[in-house]
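Hello,

Here is the structure for you to look through. My notes follow below it.

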Amino acid sequence: MENLLRDENVLLNTSISSKEEAIEQVGALLVKSGAVTAKYIQAMKDREQIVSTYMGNALAIPHGTDEAKNEVLTPALSLLQIPEGLEWDGEEVKIVIGIAGKDGEHLELLSKIAMTFSEEENVDKIVRANDAQTIRRLFEEADA
């Protein structure tokens, strides 16, 4: 999993004003890294219209609709750290993780992310992290 979250796909200390802006940001990181086509961002927004991707513990994990799987070129993750928080369907979100997975990979990724975020201590460490390596290390430890 740690190979899927590259340094260039992590934005620390961001200030985001809306859920839509957050989805656009994590989607743009995935596009820029070559993981998805630009159409995938709209599929992420479409998914959010169907069901909220807020997961609890200050985490949202936007990802595309099933119909958009062909827009995924290679599996990857992107992450926004929003220490001040963002309102997401009536909840506060401080971490937004964009997911690009194919052929059921996204289910495994969701499971590993959920395991990491099930510990409030991990959430606090990710929200306070000063670099992408620290965040990746926390995912690796939870995955071990």
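Two strands pair if DSSP finds at least two bridges between them. Strands (E, at least two residues) and helices (H or I, at least four) are DSSP runs, numbered from the N terminus. The model is predicted: local features need pLDDT of at least 70, side-chain atom pairs count only at pLDDT 80 or more, and totals for chains, interfaces and linings use all residues. Residues are numbered from 1 along each chain as its sequence is written, and side-chain values use heavy atoms, leaving out hydrogens and water.

Strand 1 pairs with strand 4 (residues 76-88) in the parallel sense, over 2 bridges. Leu11 stands opposite Leu80 of strand 4.

Now Arg47. This residue sits in helix 2 (residues 39-50). Why does Arg47 count as buried? Its relative accessibility is 17%, and buried means under 20% relative accessible area (1.4 Å probe, protein chains only). Leaving aside residues up to four places away in sequence, Arg47 touches Thr53, His63, Gly64, Thr65 and Asp66. Contact means heavy atoms within 4.5 Å.

Last, the aromatic rings. The whole structure holds 1 aromatic pair. Phe117 and Phe139 have ring centres 6.3 Å apart and planes at 45°, so the pair is tilted. (Rings of Phe, Tyr and Trp, with its six-membered ring, pair if their centres lie within 6.5 Å; planes under 30 degrees apart are stacked, over 60 edge-to-face, the rest tilted.) Both residues, Phe117 and Phe139, are buried.

Best wishes

Methods:
Buried means under 20% relative accessible area, exposed over 50%, partly exposed in between (1.4 Å probe, protein chains only).
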